[in-house]
Amino acid sequence: MRESDLAAVAAANPDLIVFASALGPYKTLESGKTRAPAQAEWTSATLRSMEAVRSVGAPVVVIGNPPEGRRVTDCSLRIFGPDRCVSTIDAVDREERAAEVEAVRQATAQGLPAVYLDPEPWFCTSDGSCPIGVGDVIV
């Protein structure tokens, strides 16, 4: 976290600090690492970001990235409908989520009030399928 960003956060005197995740940067780490080494790098970076705001004194929420789904224009045709666009969460997405959960676990072990908020239930069913819509409505 850049010093100017940290100064802006501190000046705002927030009641809560929210970190929002995105899968894109995880897939394209500058180091080029993948799998377990990428997970360790992401955990470390996430933890460093949370530690950087510790002095602000506000709890931290890390919101995981929404599951990547299929592009509607690639899978939904008038004759088939949106049912063809159901996806599942892939292994890379699960790796990133696990890295963020681990970072939050480490942060709380160090006394930083932090939680991980998993958005998967907002987008996917309990069986792991992630539709692009509700009924016949694409959302």
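Residues are numbered from 1 along each chain as its sequence is written, and side-chain values rest on heavy atoms, with hydrogens and water left out. Because the model is predicted, local features need pLDDT of at least 70 and side-chain atom pairs count only at pLDDT 80 or more, whereas totals for chains, interfaces and linings use all residues.

Helices and strands are DSSP runs numbered from the N terminus, a helix (H or I) having at least four residues and a strand (E) at least two. Three strands form an open sheet with parallel pairing, in the order 1-2-4, where two strands are taken to pair if DSSP finds at least two bridges between them. In general, strands of a sheet pair through backbone hydrogen bonds, either parallel or antiparallel. Strand 1 (17-20) and strand 4 (114-117) are the edge strands, each pairing on one side only. Neighbouring strands of this sheet are turned against each other by 20 degrees on average, direction ignored, the axes being lines fitted to C-alpha atoms (for helices over the stretch in contact) and angles running from 0 to 180 degrees between N-to-C directions.

Strand 1 is joined by four bridges to strand 2 (residues 60-63), and the two run parallel; within this pairing, Phe-19 has Val-62 of strand 2 as its bridge partner. Strand 2 also pairs with strand 4, in the parallel sense and over four bridges, and here the bridge partner of Val-60 is Ala-114 in strand 4. Strand 4 has a covered face, made of Ala-114 and Tyr-116, and an uncovered face, made of Val-115 and Leu-117.

Helix 5 (residues 91-109) has 19 residues, which at 1.5 Å a residue should span 27 Å, and its end C-alpha atoms are 27 Å apart, in agreement with that value; the expected span is 1.5 Å times one less than the number of residues. Asp-93, Glu-95, Glu-96, Arg-97, Ala-99, Glu-100, Ala-103, Val-104 and Ala-107 of helix 5 are buried, a term that stands for under 20% relative accessible area, with exposed meaning over 50% and partly exposed in between (1.4 Å probe, protein chains only). The elements that cover these buried residues include helix 2, helix 3, strand 2, strand 4 and helix 6 (120-123), contact being heavy atoms within 4.5 Å. Just after helix 5, Gly-111 takes a positive phi of about 90 degrees.

The structure holds seven salt bridges, each defined as a side-chain nitrogen of Lys or Arg within 4 Å of a carboxyl oxygen of Asp or Glu. One of them joins the side chains of Arg-97 and Asp-93 at 3.0 Å, N to O; both residues lie in helix 5, four residues apart, or about one turn of the helix. An α-helix has 3.6 residues a turn, so residues three or four places apart point the same way. Arg-97 also forms a salt bridge with Asp-118, the closest N and O atoms being 2.5 Å apart. This second pair links distant parts of the chain, with Asp-118 in the loop between strand 4 and helix 6 and Arg-97 in helix 5, 21 residues apart. Arg-97 counts as buried at 5% relative accessibility, whereas Asp-118 counts as partly exposed at 31%. Another salt bridge connects Lys-33 with Glu-41, with the closest N and O atoms 3.8 Å apart; Lys-33 is partly exposed at 40% relative accessibility, and Glu-41 is partly exposed at 26%.

The structure holds one aromatic pair. The rings of Tyr-26 and Trp-42 have centres 5.3 Å apart and planes at 90 degrees, so the pair is edge-to-face; rings of Phe, Tyr and Trp (its six-membered ring) pair if their centres lie within 6.5 Å, planes under 30 degrees apart counting as stacked, over 60 as edge-to-face and the rest as tilted. Tyr-26 in helix 2 (residues 23-27) and Trp-42 in helix 3 (residues 35-52) are 16 residues apart, and their pair links distant parts of the chain. Tyr-26 counts as buried at 3% relative accessibility, and Trp-42 counts as buried at 14%.
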